[in-house]
Amino acid sequence: MSKCYATNYNSSPHKGNGNTAVILDPFLQGMKEAGADISLHYTDDLIISACRGDLRCMTHTPGTCIHDDDMRWLFPKMEDADIWVLASPLYCDGVTGPMKTLMDRMVPLLQLFVELREDRCRHPLWTPKERMIVLVSNCGFWENESFDPVIAQTKAFAKNVHAEYAGSIIRPHGPTLKAMIQKGLPVQDVLDSIRDAGFQLIDKGYMDECTLNAISRPLKTRDAFLKDANEIIQNIIDHAMIHSESL
Ligand SMILES: Cc1cc2nc3c(=O)[nH]c(=O)nc-3n(C[C@H](O)[C@H](O)[C@H](O)COP(=O)(O)O)c2cc1C
């Protein structure tokens, strides 16, 4: 792929210190190394109001939302971008609220008219452009299947906005990855695979399936995960009790 611009949104409330950042950062690094222009925004730093659903952006003021907030300057950046990287921790099997609001606020890309595309009703784009969408997500639970609903939603969203779904960087038991990095345990292969995926996306226009699979490999058995997670949770509760008793 020639020089491209990738705009990245991280919707974790923990911003650069969260588990989402642990996997997003090497992905950005890989894209940069392959020559992409990158921008990174934390939704927590932005004012993006919820869509009011009056559809004036699709009728009266084509492409312009009624809200005068940070989307006024972000929307043109997203319009220009070749790649949208949507990074979100898994919240109740989907993206976070702020990420969903951002997705809703991309509707001004579309006209209200309806057309058939691949045998489905769709709104046409005001300005046709080729784009790719990548999901970057981590979650608390152990199973890769935790991401099935959010991947399905990202694929559907990509179709809705006439973009190509380019794949997902998914990291189950995300907090375990961060803990293992902090303890110096052997997880560098996961971070290297994430960086490789970012590089491949820019260099070849797609990410290898084996690279994506390496990113979400189990870091421990499910039994060990259950045991360790519950021990940590018990410690947190005990610590909170001691703290509240000493107040
Ligand atoms: C409100 C809320 C809902 C969550 N829902 C899920 C869930 O459905 N499945 C899951 O595996 N983890 C869930 N989690 C755990 C987060 O995905 C996990 O802690 C993640 O590592 C947070 O990433 P961050 O540090 O970047 O914020 C949830 C956490 C919160 C706070």
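Mentor: Welcome! Let's start with a sorting rule: Asp, Glu, Lys and Arg count as charged, Ala, Val, Leu, Ile, Met, Phe, Trp, Tyr, Cys and Pro as nonpolar, and the others, Gly among them, as polar. Keep in mind, too, that this model is predicted.

Trainee: Thanks! How many residues of the shell around the ligand are charged?

Mentor: The ligand is surrounded by 15 residues, and the closest include Ser-12, His-14 and Asn-138. By our sorting rule, the shell holds 7 nonpolar and 7 polar residues. The number of charged residues in the shell is 1.

Trainee: What percentage of the area that the ligand exposes alone does the protein bury?

Mentor: Begin with the ligand by itself, which exposes 650 Å². With the protein in place, the buried part of that area is 73%.

Trainee: Now for the largest pocket. Which element gives the largest share of its lining?

Mentor: This pocket holds about 360 Å³ of space and is lined by 14 residues, with Pro-175, Thr-176, Phe-225, Ala-229 and Ile-232 nearest its centre. Two or more lining residues come from each of helix H5 (174-182) and helix H8 (222-245). The largest share, 5 residues, belongs to H8.

Trainee: Where does the largest pocket lie, in terms of domains?

Mentor: Its lining is made up of 9 nonpolar, 2 polar and 3 charged residues. Both domains contribute to that lining, so the pocket lies between domain 1 (5-216) and domain 2 (219-247).

Trainee: And what is the volume of the largest cavity?

Mentor: Searching the whole structure turns up 1 cavity of 30 Å³ or more. Of its 14 lining residues, the closest to the centre are Cys-51, Arg-52, Gly-53, Cys-57 and Cys-65. The lining divides into 7 nonpolar, 2 polar and 5 charged residues. The cavity's volume is about 120 Å³.

Methods: Residues are numbered from 1 along each chain as its sequence is written. This is a predicted model: local features need pLDDT of at least 70, side-chain atom pairs count only at pLDDT 80 or more; totals for chains, interfaces and linings use all residues. Side-chain values use heavy atoms; hydrogens and water are left out. On a 1 Å grid over the protein atoms alone, a cavity is a set of points where a 1.4 Å probe fits but cannot get out, and a pocket is an open set with protein on both sides within 12 Å along at least five of seven lines; lining residues have an atom within 4 Å of a point. Grid points are joined across faces, edges and corners, and a volume is the space filled by probe spheres set on the points. Helices (H or I, at least four residues) and strands (E, at least two) are DSSP runs, numbered from the N terminus. Domain bounds come from an automatic or database domain assignment. A residue is near a molecule or strand if one of its heavy atoms lies within 4 Å of it. Accessible areas come from the Shrake-Rupley method with a 1.4 Å probe; for residues, only the protein chains shown count as cover.
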